[in-house]
Structure formats: structure tokens, C-alpha cells
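User: Could you go through this model with me before I start reading anything into it?

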Amino acid sequence: SCPTSVSQSVNRVELFGATTDAVSTSPTVCHHRCVNAASPATQPALDILFETLVPQDSASAVVRRLKVAIALGLLADGDRLPRESDLAAKFGVSNFSLREALGVLRDEGLVQTRVGKNGGSFVQLPPPTEPGWDRLKSRSASALRDFADWRRTLASSSAALASQRATPAEIDHLGELASTMRTVPGAREATRIYCRFYLELAASAQSTRLSRAELQLNETDGW
């Protein structure tokens with residue numbers, strides 16, 4: 001359902017001359033760097049990314065959030081994460097839970113910790129992986145239909161609001177992502193740029209609830 005939804009969203013945004021950063025949730029996982037995927041995330045998208053978490057398992061919630069951010073290119077290869085105390089405060093978790101999450105990400109090759117004057121935790125992209133079609137194939141027809149319904153609802157609502165509220169800079173950024181989607185080669189790159197487009201679209205709509213829902217969709221059903 002991604003290509004159709006993206007096309008509808010792109011068309012609606014372009015009618016108003018829009019170009020912002022938005023993202024979709026595709027039911028696959030990909031850590032491959034795609035065309036323009038490493039472009040800087042807009043501040044609204046980063047604000048949602050580092051929003052306070054309300055999980056039962058704090059460490060797992062942090063892992064999911066940062067994995068999505070890395071997969072979508074909101075955090076690029078080599079980016080330095082905020083200090084542990086600052087990052088824990090942003091997420092609303094304990095320092096212990098934050099360190100536990102970073103340990104998991106290090107084990108998975110997504111974060112590298114360096115010591116010394118210029119030390120810290122840095123994003124590290126793993127080797128490219130193929131999209132996880134097996135998980136998609138395991139879903140029932142009704143589950144896939146429900147997923148598509150929710151995807152269309154989020155995309156259309158975000159596009160409608162973004163056409164009214166997006167700043168010129170956000171509109172330009174969405175246009176760049178939309179152009180990339182027309183030419184990006186391969187499923188891995190397409191998955192990433194689609195998801196990035198939808199998330200940035202939701203952020204440009206200036207709706208915290210829509211942005212949060214889009215990010216959560218990536219965490220639970222996409223990446």
C-alpha cells in the first residue's frame with residue numbers, strides 16, 4: 001500500500017507547492033543508506049523523536065525509538081547522540097535504562113561508544129539488509145487491510161494539514177523527498193525514503209498526535 005499512499009500524499013502536497021520532510025511506515029526493516037536519506041531532519045521531526053517515552057519496559061522503548069530514527073535517517077551515520085544524562089531526561093527514563101538500551105544498540109552494531117575528549121555514543125549503520133517480507137506474508141488479509149486503512153488515514157490527514165501549516169522550508173524539503181521517491185532504486189532504498197517522507201509530512205502538519213502516531217506506526221508495524 002506504500003506506493004499508492006505516497007503518490008496520493010505527494011500529489012496533495014504538490015497541489016499547494018509543498019515540500020516538507022515526511023515519512024511512511026513500510027512493513028520492512030532496512031538499514032541501507034538511500035538517496036538523500038541522510039539529509040538533516042527537520043526540527044519538528046527531531047522534537048517528536050526525542051519526546052518523553054511512556055513504556056512498561058523503558059530500555060526496550062528507547063531501543064525501538066532509536067532504531068527507527070537510525071533506519072529512517074533522522075540520525076545519520078556518524079551522528080553523535082546527546083549525553084547520556086540529557087538523552088535519558090529527554091526520553092523520561094532512568095540513566096540505568098538508557099545505558100541498558102545503548103548496550104543493546106552497541107551489540108546490534110547501531111551505536112559505537114568512544115572514550116576520551118571527543119568521546120560519546122555515535123550512530124553506526126550496519127551492513128545493508130533485505131526487507132523483511134516474511135513478516136508481511138505472515139499477516140492475515142484482515143490485518144493487512146487494517147494496516148492499510150490506518151496508513152491512509154494518517155497520510156491523508158497529515159497531507160491536508162501540512163498543505164495549510166507547513167513552512168516554506170518544510171515544503172521544499174518534502175518536495176526533495178517526493179522527487180527522490182520517483183527515482184530511488186530498489187526495495188531497501190524505497191522503504192526508507194517512503195517512511196521518512198511520511199514522518200516528515202506528519203511533522204510538517206504541526207500536529208503532535210499525528211506525528212506521534214506516525215512514529216509509533218514505524219516502531220510497531222514498520223521497522
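Analyst: Below we go from confidence to overall layout and then to single helices.

User: What is the mean pLDDT of the protein?

Analyst: This is a predicted model, in which local features need pLDDT of at least 70 and side-chain atom pairs count only at pLDDT 80 or more, while totals for chains, interfaces and linings use all residues. Residues are numbered from 1 along each chain as its sequence is written, and side-chain values use heavy atoms, with hydrogens and water left out. The mean pLDDT (the predictor's confidence in each residue, from 0 to 100) is 77, and 74% of the residues reach 70 or more. Over residues 1-38, however, the pLDDT is below 50, although this stretch has 162 contacts in the model beyond near neighbours in sequence, a contact being heavy atoms within 4.5 Å. Where pLDDT is low, the predicted coordinates should not be read in detail.

User: How many helices and strands are there?

Analyst: The protein has 10 helices and 2 strands, taken as DSSP runs numbered from the N terminus, with H or I over at least four residues for helices and E over at least two for strands. From the N terminus on, the order is α-α-α-α-α-β-β-α-α-α-α-α.

User: And how much of the protein is buried?

Analyst: Of its 223 residues, 52% count as buried, meaning under 20% relative accessible area with a 1.4 Å probe and protein chains only.

User: Why is α3 called largely enclosed?

Analyst: Helix α3 is described that way because 11 of its 15 residues are buried, including R65, L66 and V68. Just after α3, G73 takes a positive phi of about 90°.

User: What about α9, how many of its residues are buried?

Analyst: In α9, 16 of the 18 residues are buried. The helix covers residues 187-204 and reaches 26 Å from its first C-alpha to its last, close to the 26 Å expected at 1.5 Å a residue, where the expected span is 1.5 Å times one less than the number of residues. Q206, which follows α9, has a positive phi near 60°.

User: Switching topic, at what angle do α4 and α5 pack?

Analyst: Helix α4 (residues 84-91) and helix α5 (residues 95-107) pack at about 105°, with their axes 9 Å apart. That makes α4 roughly perpendicular to α5, a label for angles of 65 to 115 degrees.

User: Which residues meet there?

Analyst: E84, S85, L87, A88 and F91 in α4 meet N95, L98, R99 and L102 in α5.

Key. Axes are lines fitted to C-alpha atoms, for helices over the stretch in contact, and angles run from 0 to 180 degrees between N-to-C directions. Angles under 35 degrees count as roughly parallel, over 145 as roughly antiparallel, 65 to 115 as roughly perpendicular and the rest as oblique. Buried means under 20% relative accessible area, exposed over 50%, partly exposed in between (1.4 Å probe, protein chains only).
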